[in-house]
Structures are given as C-alpha cells and as structure tokens.
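Please open the model in a viewer and keep the selection tool at hand.

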Amino acid sequence: MQSIILRKYGEARLPRYTSYPTAPRFSQAIGADTYEGWLSELPASDPVSLYLHIPFCRSMCWYCGCHTTISRKDQPILDYLDALREEIRIVADRAPKGLRVDEVHFGGGTPTIIEPAEFASLMELLRQRFEFTAAASIAIEIDPRTLTADMAKTLGTAGVGRASLGVQSFDPVVQKAVNRIQSKEQTAEAVDGLRRHGVARINFDLIYGLPHQTVQSCVDTATAAVAMKPDRLAVFGYAHVPAFKKHQRMIEEAALPDSAARSEQASAIAETLAAAGYRQIGLDHFGQPDDDLVLAQQTGTLRRNFQGYTTDSCNTLLGFGASAIGRTEEGYIQNDVAPGLYARHVSAGRLATSKGYRLSAEDRVRAAIIERLMCDFEADVPTICASHGFEPARILDTAGRLEELMQDGVLDMTEGFIRVRQDQRFVIRAVAAAFDAYLDQSLRAHSKAA
C-alpha cells in the first residue's frame, strides 16, 4: 500500500506551502505604491520580523535552488550592501516610528560572505531604525567553508543566537557530484567557533535525493551530524529542476535516486535522528526535546513561513534585499530578483517591490487550514472557518481531492476534522494541496517559468 501511495502522491511536484497563496500567484498589480500604503498602515504596537537577503556566494553548489550570484570580488557585495542599507532607511521612513522587532533572519546566498565590520554596521543600522525587543531572536545562515574566526566573534557580539549551517552530505562522492566539498572537520570547527562566541543554538541542513547518494551514505551523514550535537536539523529532498535552475544541468541525472530510493533515504535519516533522541517536527525538521520548535508543536503553536517551521508569531515580515519576500496583514510583497534592478530602485529613493498579492477573506481561511495541516498533520476545519466567519461547507465542498485521499487511506475525516494517518504523513503536502484553490494555475506557472 505504501508503494502505491508513494507513486500516486509522493512523486507530485507540489508546493512546500511556506505561504498561501504561493509565489506563482504574485502579480505586478501589487507594486511599490501598494506596499507603501501597507507600510503606513502597520499597527505601531505590533512586533514585526525582519528578513535580509544576501544573494552572493563564492562558488555555486549545483543542487542550489536559491536566488544567488557567484562573486569572486568584494566590490559587487559592497555595492549591494549600500543598496540594502538604503532600503532599510526607505522602509523605516514609510512605516510607523518605533516598530518593535521580535525576529531577524539573514538568508542567502551566503550572508557571512560579508566582512565582519560590514555585518556589525548593518546590525547597528537595524537597531537605529527599529526598536529591538529584549528577547529579539537573531538567526543567520552559514556556509561553514567560508566562516572565519573574526566573523564568528562578530556574530556573537552582535547578538546572533542561532546559526543554520549547510551540510547537505558528508559523502565525498556526493560532494564532488554537487560541487560542494566540505569535510566533517571543517564543519565541526565552525560549530565550535560559533558556540565559543555565544552563538549557542546550531541548526544543520541535510539533503537526500542527491546524485550517487545511498541509504548508507545518508545514515553516515546523519550519524556524523548528530555527533556535533546540533539543536535542530532540517532534512530536505533535492528538487531537480534544471530547466529553471540552469546550473543543475551540471548534475548527472542518471546518478539521481528514484522516488522509492528517495523515500528510503528520508526514512533512514529520520530513523537515525530519532534513535539519537531527536523529535520530528512537522514534515522535515528534527529537534532536541527542549528545542523551541518541539515545544511549539506540543502546544499547537508551531507556525510556518518562508524560513520553514518557526515559532515566529509576528503578523508582519519586512523583507529586505533582492528577491526578498515580505508579508503584512494585507498580503505579500516581493522585491525585484535581479540585484542590479533592485539597487536602481532604492538608489532612486523608492521601494524595490516588483510584485505581490492581496489576500482575500477566503485566502486567509485556506491559509490557516493549510498551516495547521503542515504543522500538526490535522486541522479542525469547522472551527477554523468559524473563527473567520466562513461556512465550512464552502471550503470542504471545493476540496475535491479529500474524498480520494480518504479512500486511499491517507487521512480520516469526522465532521470536518481532518487527521492524517501516522504512516502517511510523508504525503502531507498532497493533503494541504486539497485546500489550494489555485493549485492548477500555480503548477502551470511553475512549468511556464521552467
């Protein structure tokens, strides 16, 4: 039965639902003028989150699906940072004064590609323009291969409390096949340096489904990762889309595992982490028993946003940098993807918003249902609908795939309360997709972009 479910649902290219509606629904109808209005209407008393995108790396990892640019020189990065600082000033000037910040996340690319002094300056500007709460959480994504001792020290001094380190695989054969050579010793040294300077919470990113990857190499990587005692691990399946990400054409397609092998690899990693005492969080995260994501899942307060699973409860996310996505109560906004276009907008003193999406009342209901499914593997549809003033039938009657999912033994539903069966949780995205009113349009948009 599992193999049938895997073939039917596991191979479908479905969204990860870090937002709803998903990014293919964004349009140019929502631009800088709309975002400026949304910023001016932000409740001054509500805390916000900040996301800063640094779209540069020193070399390209062939599996990468991020918006990033390879730069061997520092000047393009310095020019970009000038634009980023200007955008921070522009956004802060258009938002209510004294906005409180609860969460900050630096993503990439490789955020630690910038010099320590530049990072310290950037943090100083953020603290000048916004009011950081006493418990504000600051996190950053790191490539252990380029992390210096000076940068680790600067991160600790600046108040960074969590670092997410890219590991992917410790198998030398796999590393060569994806153009990312990174030893266990190199990774352990980065972890030790971060902890020594006060960056106490460490995350690792692992990937399965890479070329030449086997169940045993996945287990070996997970075992080596556990030995470094990260607080949390994110375990993602590689998405091979060479028509969309042209550098992925460097990957030998014949060396990629099939869907059955990918499933075995994911299960082997999960079993290895569980045996080491980690608790599974949602679809693809694992944490130590006292990790805040684990505790949030236990209390039903786990959330999901563009960084994946989170405890961030802010209703507003201000995105800074090329391709950065933000969110307000009104909807989503995204900056121009190309760093050059982005920089031209902000150097002219205007917001860099290129597209976005205004949420409807029905969007909010569907988003709430999808989030609970992705976080809890269950959703009380009538209760969620009632909290939004919606009739459950209006949502359930349009979720045509639910009946098929029930018949296939993926989920149970009683009076609108949906619970995904324990052994079928690996296809949770198929269940969430049943509530996606735009799914077919989004998939066509993905196909067209590719």
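The tour of this predicted model passes from the nonpolar cores to a helix pair and then to some backbone details.

Begin by selecting Phe130 and Leu318, the residues with the most contacts inside the largest nonpolar core, which has 75 residues. Around Phe130, display Leu50, Ile88, Ala92, Leu99, Val101, Leu318 and Phe320; Phe130 touches each of them. Apart from this core lies another, of 47 residues, including Phe26, Ile281, Leu302 and Ala433.

On the α3 side, the contact includes Leu78, Leu81 and Ile88, and on the α4 side Leu122 and Leu125 are among the residues involved. By class, this contact has 8 nonpolar, 1 polar and 5 charged residues.

Turn now to the backbone. Most residues other than glycine have a negative phi, and most peptide bonds are trans. In the loop between α1 and α2, select Pro21; the peptide bond from Tyr20 to Pro21 is cis, with omega near -10°. A cis bond also joins Gly108 and Gly109, with omega about 10°, and Gly109 lies in the loop between β4 and α4.

Finally, select Ser323, in the loop between β13 and β14, where phi is near 75°. Phe377, in the loop between α12 and β17, has a positive phi of about 65°. Ser323 counts as buried at 8% relative accessibility, and Phe377 counts as buried at 5%.

Note on methods:
Residues numbered from 1 in each chain as written. Predicted model: local features only at pLDDT ≥ 70, side-chain atom pairs only at ≥ 80, totals over all residues. Heavy atoms only, no water. Core = buried A, V, L, I, M, F, W, Y, C linked by side-chain atoms within 4.5 Å. Buried < 20%, exposed > 50% of the residue type's maximum accessible area, 1.4 Å probe, protein only. Contact = heavy atoms within 4.5 Å. Helix = DSSP H or I, 4+ residues; strand = E, 2+ residues; numbered from the N terminus. Nonpolar A, V, L, I, M, F, W, Y, C, P; charged D, E, K, R; others polar. Lists of a residue's contacts leave out its neighbours within four places in sequence.
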